[in-house]
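Visitor: Could you walk me through this one? I'd like to ask as we go.
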There are 2 protein chains.
Amino acid sequence: MQLLSGFSTWSTEEKLGWVLDEWMKRSGADSCSGVREEMLSWMKSFWHVNAPTQEIFRNFSENNLSNFFLPYGVVPNFLLNDRMYIVPVVTEESSVVAALSKSAKFWAEHGGFHARVLGTEKLGQIHFYSRIPASEMQKVFDAALPALKEAAVPLLSRMKQRGGGITKIDLLDKTTEEPGYYQIRVGFTTADAMGANLINSVLEEMAQALKEFVGCETGSNVDIIMAILSNYTPNCLVESWVSCPALSLTKHTHLGERFVERFLKAVRIAEIDVGRAVTHNKGIYNGIDAVILATGNDFRAVEAQGHAYASSSPESPAGYRSLSKASVDEQGIFHFCLKIPLTLGTVGGITAVHPLAKFSLQLLGNPSAAELMQVVASVGLAQNFAAIQSLITTGIQQGHMRMHIYNMAKQLGASPEEILALRRAIGTDTVTHSRVQYILEEIRARRGKDP
Amino acid sequence: MQLLSGFSTWSTEEKLGWVLDEWMKRSGADSCSGVREEMLSWMKSFWHVNAPTQEIFRNFSENNLSNFFLPYGVVPNFLLNDRMYIVPVVTEESSVVAALSKSAKFWAEHGGFHARVLGTEKLGQIHFYSRIPASEMQKVFDAALPALKEAAVPLLSRMKQRGGGITKIDLLDKTTEEPGYYQIRVGFTTADAMGANLINSVLEEMAQALKEFVGCETGSNVDIIMAILSNYTPNCLVESWVSCPALSLTKHTHLGERFVERFLKAVRIAEIDVGRAVTHNKGIYNGIDAVILATGNDFRAVEAQGHAYASSSPESPAGYRSLSKASVDEQGIFHFCLKIPLTLGTVGGITAVHPLAKFSLQLLGNPSAAELMQVVASVGLAQNFAAIQSLITTGIQQGHMRMHIYNMAKQLGASPEEILALRRAIGTDTVTHSRVQYILEEIRARRGKDP
């Protein structure tokens, strides 16, 4: 089989040309017609009109051909810690922004969201194997510590100016689990940067220093397997909460007093059933990731740390559980809160390079990383509130499928006029794909009969 | 505090106008100059030039203002089950596509990726409370079962034609964990659709039928709390693997035989240390989510089910652990495999509505959902292989930071010529932000002195 060589060094035009040739073969498009030329200009229609701006996007990642569009929107009325935010959101999932907006407005009328940062420590790990027995390793490590710290100094000078640095350096003895395996765990604070690159660079320098020091001082080899940050960050934690008299909530829906009772049960179920807990938390991240994307942060890191925390935190000894909690206290006050790890940056990475990520941060008032943690966690809580509210009242489908009419109709080739007629005809009925198809056919049949 | 009302009903122009007014206040922009008008046309510069195409993006989500661009690229040379794929990828993280490309090419030369689907069952849950004692509930449920099945028939008719349907309906007694709480768990197969909307609609109809049946037949009330799909899908599972003589790998890097030994240790560490496991799996999803986005699938669902599986599967009784495994067998064959849950669709949702998602699926040869599961899992494995390879040889930073020079230089206002000079000056040295800044200043100083 002939493999393609040097593809990454080709120009974008050359890459596009090759990919379109392959696409022609795979999609069964007619190669005689002008399809290829049409496709070429179609792919380029997603490029930014301004060449230097397009160059920015082209350089984010390798083998770039075009841009993938995701809708960019906002959630107004987001009251957090007595400040009114307009929250930028990027999501392809219909009804997320609508749900967030509804939830934001309700809570803005009931005291708003509150949040605080519980910790900002990020972790790095140096994994190594050594024949030095566990009984002696701590002594060797203590002796090496100054050299490790020194190795990090040049890399950390800028970060120190911004108030960050190393918080701790510990040796972990893992030899009972795996013979010869030790770990050095380093704590970092990285101010307003996500800090991944800095942490990795520091760890690699420290690992080198450890290897050299132990080699020189003991004549024993330290086999560094890898040195890299950890995405498990239980000490980079933020908490968000809302509260109001339970009575205010009873007036909120047609369920009356049963609303609060059902809400507590819905959260309780997510605390004891893994099948529900995963979905419950997934909904939280529907909201969170929309802000993560809009501000140029890394949603894979945020998802990994969040779900791992749900399964391995001190608060979930029994396994994967809900990240949010709800209660009503003796004074009849309803409390709803979310505690999650979040490693975010408001400087560095693509936050300042992606034009709309930069705009997002400006719209949020150029927050610090700690402030952004509070916004993001509160958006997660808002989304969770909205999802549970839908689930325990009308069911998730009523609102969601209505949002979906457009996509379904579009797939069936409906015109804007037909979509309008469709929405009217469906009214408040249950929305299903079959029904949309049936009504659309009826609309078309009726129109066909018109004079 | 004055809240904004009816924002979602405003036109896009009106929304944009209001957001820009607020942005002016928050960003400290000078309101007297033409900044607002400039910003308005700047925001619109991200709209698609073709109005009907832009209308599609505008309708994906609510409160839409513009489009958020993410780079769209491809990974060539991806050999899977003896078929050569070009894999579409969307990621903002530099070096992911480069790493995937390198890994794909290596494995294409060593037998390629292999994958198989182990199951496609998705789960839905009806959560309810009842005073009917646990000893009697099973009997009541058995009697209600025909009514539940019947309620689903009209909704499932289309799905049945495509080979999907209900696989099981079970009652779970949860009363020992929570008094009065029961669950009905429904298994579904949904052919090539992700199926979320269908599953939710079926569950809501079934829940209604249950309530009515039990009310009529026993006079007892069933309190349906919620009925919704579960994102915990341990039976919607795919496995991907590569294998080759360990000897082939020893020639692969400068490490020689130590490469395989170190590779096995790196995976082993992710099996016993949660801090490493989370990062290890995060890397897998760096690859996976790039394809999920490019094909219009839901990455929050995929992340949630994957990380929950890492913490709660039969294979991880001890808590959160690595999703991949590596070994060398007695014949000296190296094996590396990944087993993950994946609920994907290749019809429905935005897969056919988003122009580039549609193109992605065509480029993949219009795969079934089961085939796409195999592609996505193999991309996860490819990414994991590349990440471990970097970590245990040169360290993650050497390659990654080099990719990052552009972003750092851009932030420092470097011109394309300066970026070129910068890359040359850095050569193979360690890349840090300080060094980029220092060298850039040197380049500029030198240029200043030029005649």
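Visitor: How many aromatic pairs over all chains?
Guide: The count comes to 52 in this predicted model. Rings of Phe, Tyr and Trp (its six-membered ring) pair if their centres lie within 6.5 Å; planes under 30 degrees apart count as stacked, over 60 as edge-to-face and the rest as tilted.

Visitor: What about Phe78(B) and Phe113(B)?
Guide: Their planes sit at 5° and their centres are 4.8 Å apart, so they count as stacked. Phe78(B) belongs to strand S1 of chain B, and Phe113(B) to the loop between helix H4 (96-108) and strand S3 (114-120) of chain B, so the pair ties together parts 35 residues apart in sequence. Helices (H or I, at least four residues) and strands (E, at least two) are DSSP runs, numbered from the N terminus.

Visitor: Now the interface. How many residues does each chain bring to the contact?
Guide: Chain A brings 145 residues and chain B 146. Contact means heavy atoms within 4.5 Å.

Visitor: And how much area do chain A and chain B bury?
Guide: About 13,100 Å², with 62% of it on carbon and sulfur atoms. That is accessible area (1.4 Å probe) lost on putting the two parts together, summed over both. In chain A, Phe68(A), Phe69(A) and Arg300(A) lose the most to chain B, together 7% of what that side buries.

Visitor: What does Arg300(A) form a salt bridge with?
Guide: Glu93(B), with the closest N and O atoms 2.9 Å apart. The rule (a side-chain nitrogen of Lys or Arg within 4 Å of a carboxyl oxygen of Asp or Glu) finds 14 salt bridges across this interface. On the chain A side, strand S1 (residues 64-80) gives the most, 14 residues.

Visitor: How does S1(A) run against S1 of chain B?
Guide: Antiparallel, joined by nine bridges. Strands pair if DSSP finds at least two bridges between them. Leu70(A) stands opposite Phe68(B).

Visitor: Which strand pairs with S9 (residues 324-328) of chain A?
Guide: Strand S10 (residues 333-341) of chain A, antiparallel over five bridges. Lys325(A) has Cys337(A) as its bridge partner. Four residues lie between the strands of this hairpin, where Gly332(A) takes a positive phi near 75°.

Technical notes
Residues are numbered from 1 along each chain as its sequence is written. Chains are lettered from A and ligands numbered from 1 in the order in which they are written. This is a predicted model: local features need pLDDT of at least 70, side-chain atom pairs count only at pLDDT 80 or more; totals for chains, interfaces and linings use all residues. Side-chain values use heavy atoms; hydrogens and water are left out.
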